[in-house]
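Dear colleague,

Here is the structure you will be working with. Please open it beside this email as you read.

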Amino acid sequence: MALKFTMSYLEDSLAVFRYYKKLAEGAMEQVTDEQLFAVLDAEMNSIAIVVKHLAGNMRSRWTDFLTSDGEKPDRDRDSEFADPPASRAGLMKLWTAGWDCVFTALEPLSDADIGRTINIRGEAHSVTQAVNRQIAHYAYHCGQIVLLAKHFQHSQWKSLSVPRRKSADFNKRVLSGEASQR
């Protein structure tokens, strides 16, 4: 599918969020249940921990997005880095709930809302700043999920973007409208 041209910041932001969600889901689909919980060393997070952290962040940032501080008083960020759900199904339920918070908050907004002020940890942000902050944060962690999944799958990995040595083919597909850069 070709990239949809838009001048709407919010429409494009939603497309970027959906892209990263799909990217991480494509990575998680390729790993075994055990690999979701595996760590490379004592200082690393598993895919499951990254998912739990993202879901906690999403719930906090996007619940009552325009009317309450993005760091909710009941959020225990440190607990997001321990004891993830014990199953793939539980993990994916948490993942879906987090993304539901994102889309429920953003989809009703209009471009007139992007200049509004919200707070995160008591610091004022425009809606644009808050959205950019979360796009960067989610891209960072979705990249971690992809990196871990690719590591675990080795030669069995199925590319989620432009496969190695296939750039010319991909460019032709983009030009013909068969593929998109997102």
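This is a predicted model: local features need pLDDT of at least 70, side-chain atom pairs count only at pLDDT 80 or more; totals for chains, interfaces and linings use all residues.

Residues are numbered from 1 along each chain as its sequence is written, and side-chain values use heavy atoms, with hydrogens and water left out.

The structure holds eleven salt bridges (a side-chain nitrogen of Lys or Arg within 4 Å of a carboxyl oxygen of Asp or Glu). In one of them, Glu 107 pairs with Arg 18, with the closest N and O atoms 2.4 Å apart. These two are 89 residues apart in the chain, and Arg 18 is in helix H1 (residues 9–29) (helices are DSSP runs of H or I with at least four residues, strands are runs of E with at least two, and both are numbered from the N terminus).

Arg 61 and Glu 71 also form a salt bridge, at 2.6 Å from N to O. Both ends are buried: Arg 61 has 5% relative accessibility and Glu 71 has 19% (buried is under 20% relative accessible area, exposed over 50%, partly exposed in between, with a 1.4 Å probe and protein chains only).

Most residues other than glycine have a negative phi. Asp 64 has a positive phi, near 50°, and is partly exposed at 47%. Arg 165 has a positive phi too, near 60°; it lies in the loop between H5 and H6 and is exposed at 75%.

Regards
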